[in-house]
Amino acid sequence: MKDKLSSIHHATTDRLTNIPEIKHTITSENMKRIIFLFISSICLIASAQENINKSSVSTTDTALYARNDGQYSISKFGFLSYDSALQSMPDYALAQRQTAALRSKYEQETQRVEREFNQKYEQFLEGLRDFPQTILQKRQTELQELLTKNIAFKEESRRLLAKAEQDIFAPLHARLSAVIKEIGTKRGYSFILNTDNNSCPFINPLQGEDINGIVKESLSK
């Protein structure tokens with residue numbers, strides 16, 4: 001910086017003293033004033049440029065939270081355990097009993113057809129030595145058909161049980177979703193996180209609000 005100012009000083013002095021019209025009229029005192037004003041102007045320009053750069057950086061940083069109206073706002077949201085809220089509902093225990101009863105009926109029927117198959121299979125093994133070939137082939141075909149039916153029944157039972165469980169719990173999920181939406185709207189949340197399965201290990205308490213208690217209280221009414 002000093003080198004630049006010295007260079008400017010010499011250059012300015014040379015130019016001013018070499019102009020024929022003012023060479024003999026510029027005094028030493030006037031020369032000092034002119035050089036001082038020139039250097040001061042350069043310093044002001046440099047300072048203004050630095051302030052502009054700082055202002056640009058500050059504007060970029062704060063724009064992350066700026067709204068269209070010029071105000072500043074940080075998005076807030078809520079979080080809860082969906083499973084915990086669902087299990088706290090008064091009708092949850094009833095839905096569990098209904099699905100458990102239906103599952104028990106399917107399991108009983110599955111065990112019955114398995115016993116039937118095992119019994120016929122044992123009879124088939126006992127008749128291997130005594131039955132004619134045509135009877136053995138008939139029994140073998142019957143066992144194969146029974147086995148195929150049993151496998152199909154198990155698969156259909158799983159599908160029907162899952163569908164029944166979905167239908168039984170559908171009203172509970174609908175009510176819970178409605179409560180969550182209502183709370184989120186009233187409290188002005190941008191969104192609500194489900195923290196089940198450790199899906200969100202850290203939440204900034206300055207932005208996220210725990211609404212587990214609020215949701216459970218609403219569901220109990």
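Biologist: How many helices and strands does the chain have?

Modeller: There are six helices and three strands. Keep in mind that this is a predicted model.

Biologist: What pattern does the chain follow along the sequence?

Modeller: The pattern reads α-α-β-α-α-α-β-β-α.

Biologist: How much of the chain is buried?

Modeller: Of its 221 residues, 20% count as buried. The chain exposes about 16,600 Å². Carbon and sulfur atoms supply 55% of that area.

Biologist: And what share of the contacts comes from residues 24 or more positions apart?

Modeller: Taking contacts in the chain with a separation of 6 or more, 76% are between residues 24 or more positions apart.

Biologist: On to the strands. Which strands pair with β1, and in what sense?

Modeller: Strand β3, residues 208–210, pairs with β1 in the parallel sense over three bridges. Strand β2, residues 192–194, also pairs with β1 in the parallel sense, again over three bridges.

Biologist: Which residue stands opposite G78 in β3?

Modeller: That is E209. On the β2 side, L80 has N194 as its bridge partner.

Biologist: Which way do the residues of β1 point, and are they buried or exposed?

Modeller: β1 covers residues 77–80. F77 and F79 point one way, G78 and L80 the other way. All of them are buried.

Biologist: Now helix α6. Which of its residues are buried?

Modeller: N212, V215 and L219 are the buried ones in α6, which spans residues 212–219. Seen down the axis, they fall within an arc of 70°, so they line one face of the helix.

Biologist: Why would a spacing of three or four places do that?

Modeller: An α-helix has 3.6 residues a turn, so residues three or four places apart point the same way.

Biologist: Let's switch to charges. How many salt bridges does a search of the whole structure find?

Modeller: Ten. One of them joins the side chains of R103 and E165, at 3.8 Å from N to O. That pair links distant parts of the chain. R103 sits in helix α4 and E165 in helix α5, 62 residues apart.

Biologist: Are R103 and E165 buried or partly exposed?

Modeller: R103 is partly exposed, at 30% relative accessible area. E165 is partly exposed too, at 31%. The 3.8 Å separation counts as a salt bridge because the cut-off is within 4 Å.

Biologist: What makes the nonpolar surface patch?

Modeller: Y121, L125 and L128 make it, with an area of about 260 Å². L125 belongs to helix α4, residues 92–126. At 39% relative accessibility, L125 is partly exposed.

Biologist: Last topic, the backbone. What is the phi of N197?

Modeller: Positive, about 60°, although N197 is not a glycine. N198 also has a positive phi, near 55°. Most residues other than glycine have a negative phi.

Biologist: Where do N197 and N198 lie?

Modeller: N197 lies in the loop between β2 and β3, and N198 is found in that loop too.

Biologist: Buried or exposed?

Modeller: N197 is exposed, at 77% relative accessibility. N198 is exposed at 60%.

Methods:
Residues numbered from 1 in each chain as written. Predicted model: local features only at pLDDT ≥ 70, side-chain atom pairs only at ≥ 80, totals over all residues. Heavy atoms only, no water. Buried < 20%, exposed > 50% of the residue type's maximum accessible area, 1.4 Å probe, protein only. Helix = DSSP H or I, 4+ residues; strand = E, 2+ residues; numbered from the N terminus. Pairing = 2+ DSSP bridges. Arc of directions from axis to C-beta. Patch = residues over 30% accessible without salt bridge, like charges linked within 9 Å, V, L, I, M, F, W, Y side chains within 5 Å. Areas by Shrake-Rupley, 256 points an atom, 1.4 Å probe, with all protein chains shown as cover. Contact = heavy atoms within 4.5 Å.
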